[in-house]
Amino acid sequence: MSEVQAKRVNKDRISALPDAVLYHILSFLKTEDIVMTIFLSRRWKNIWASVPTLDFCDQENPDSIPFSRFIDNVLFFRDSTDIHKFRLHSISVEDFDRICGWIGAAIRRNVAELDLSVKYYGGDEDHQQIFKLPKSVFTCKTLRVLNLWSNFIINAPESGCFPNLKSLYVHFDHPVNNSMEKLFSCCPVLEDLSIHGNHGFYGDEVVLNFTISAPELKTLKVHWTTHGDYERCNFYVVAPKLENFHLWQYPSTDCFLENAKSLVRVTISLQDHFADEDRLFAIRGTALLAVISNVRYLSLSVHCLKGCCLPVFDKLSRLELALYNCYYWELLKELLRRSPKLEYLVLELKDFICSSAPSSHQWSPPESIPICLLTQLKTVSIRGFKGKLDEMDVAKYLLVNGEVLKKMTFYSEDLLRTKEMLKMDLSMCQWGSKTCQVEFSPDQKDEGLSFLGMRSWV
């Protein structure tokens, strides 16, 4: 190899990249790693000072003094360029005024995204000291994204809050005060809101009544676990432009949506097996289902809806339904009957064993064939299929009565019989659609070879 060729091979191509590209690459690293790049070459000496992302975390090495000094030095020696994202996750810093100063420095640099978790126990693991969110956060005009991963004291000003905030993520961990209730009614242009939390574990926590009033909100996700008395937490949502709503609760707390006519996609997962034993569950469940009856896409995972009055889903086009063995096929029959425009059906048969569930299930056909089977239903996917007697009965019923059915797919890793035996069994009945295709797949992806034609199998 010649000397010229050797120089070409040894050329530092990364250092030759434009600053903007280097900033993007470095934005995936923690700030302490970014600072270490000053030793790479002269080209890298000042790059770190302009990287638009700052990421500070002491959870792996919770030593307050060096951690605090490092942040002070980074902010002091940084150049005057804007900070796009500022992430601070701290469990060791007890000087909350110092933390306020760091956040203030990011705000003065026109920060667009704040990601904060501030936890300090001061030697008492049962009593966390709660950090008060600085008022400058509420009035920051450049802030677009705010992620809060710990409990905070919220003292929002009466006006001028979050003038440009589009996305808000909040995680509660057994809150001991209700100040964070105020957070969700002072975001005039908020479009995406996620609320995660645990509540009631210690028995002495405050009652939480969340009022979410956001005129521009399009997506709302609530993932909430309540221990003990679930009436200690309630959600009231006023979001006239809400299009996507995702609710995961254990047990089912009160969640009321007002004026939700814009809803398109809804995911509901209620994990309480014994919820139907409480009369309030039927009342609340009926009210919630009635509000979402205009959706086009519904994903539903519930152990039981006994006692709830199901509405008619006039616009429902796609239904994803998780079925548990405590309440199996009755819910499917009711939803088919009340979804006249259903085109796509996905069933997920859960292995979760409920204590009061029968050892076996039987399929009893509805008194009349649902309209969607005769005129609308095009595809059916069944996940967790094993080929049990009741599962085969359901599959046969859908094949026999699905007059416009184009495709039925079974996903399973553990069939009780061979594919050939199941194919033979299904082919014994007369299908309603002569062009329907049936496929067996070992995984959970809509992939696999298929051949067009009457009763084509894979």
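So, His89: this residue is buried, at a relative accessible area of 7%. By buried I mean under 20% relative accessible area, with exposed being over 50% and partly exposed in between, using a 1.4 Å probe and protein chains only. Before I go on, this is a predicted model, so local features need pLDDT of at least 70 and side-chain atom pairs count only at pLDDT 80 or more, while totals for chains, interfaces and linings use all residues. Residues are numbered from 1 along each chain as its sequence is written, and side-chain values use heavy atoms, with hydrogens and water left out.

Back to the histidine. His89 sits in strand β2, residues 85-90. Helices here are DSSP runs of H or I with at least four residues, strands are runs of E with at least two, and the numbering goes from the N terminus. What is His89 in contact with, leaving aside its neighbours within four places in sequence? The list is Phe56, Cys57, Asp58, Gln59, Phe67, Asp115, Leu116, Ser117 and Trp149. Contact, by the way, means heavy atoms within 4.5 Å.

Now look at the strands on either side. Strand β1, residues 53-57, runs parallel to β2, and five bridges join them. I call two strands paired if DSSP finds at least two bridges between them. Cys57 has His89 as its bridge partner in β2. To get from β1 to β2, the chain passes through helix α4, residues 64-77, and that β-α-β crossover is right-handed. Right-handed means that, with the strands pointing away from the viewer, the path from the first strand over the helix to the second runs clockwise.

On to β3. The pairing of β2 with β3 is parallel too, over six bridges. Here the chain goes from β2 through α5 to β3, again a right-handed β-α-β crossover. His89 has Ser117 as its bridge partner in β3, and Arg87 stands opposite Asp115.

Why is β3 described as largely enclosed by the rest of the structure? Because six of the six residues in this strand, 113-118, are buried. In a regular strand the side chains alternate between the two faces of the sheet. In β3, Glu113, Asp115 and Ser117 point one way, Leu114, Leu116 and Val118 point the other way, and all are buried.

Take Val118, which lies in β3. Val118 counts as buried because its relative accessibility is 0%. Setting aside neighbours within four places, Val118 is in contact with Ser90, Phe96, Ile99, Gln128, Phe131, Ser150, Asn151 and Phe152. One of those, Phe131, is 13 residues away in sequence and 6.6 Å away in space, C-alpha to C-alpha.

The sheet carries on. Strand β5, residues 145-148, runs parallel to β3, joined by four bridges, and Leu114 has Leu146 as its bridge partner there.

Leu345 is buried, at a relative accessible area of 0%. Leu345 touches Leu319, Leu332, Leu336, Leu377, Thr379, Val380 and Ser381, not counting residues up to four places away.

Then helix α10, residues 389-401. Its 13 residues reach 18 Å from first C-alpha to last, close to the 18 Å expected at 1.5 Å a residue. That expected span is 1.5 Å times one less than the number of residues. The buried residues of α10 include Met392, Val394, Leu398 and Leu399, but also Asp390, Glu391 and Asn401.

Last, the whole chain. There are 11 helices and 21 strands, and buried residues make up 48% of the 458 residues. Of the contacts with a separation of 6 or more, 66% are between residues 24 or more positions apart.
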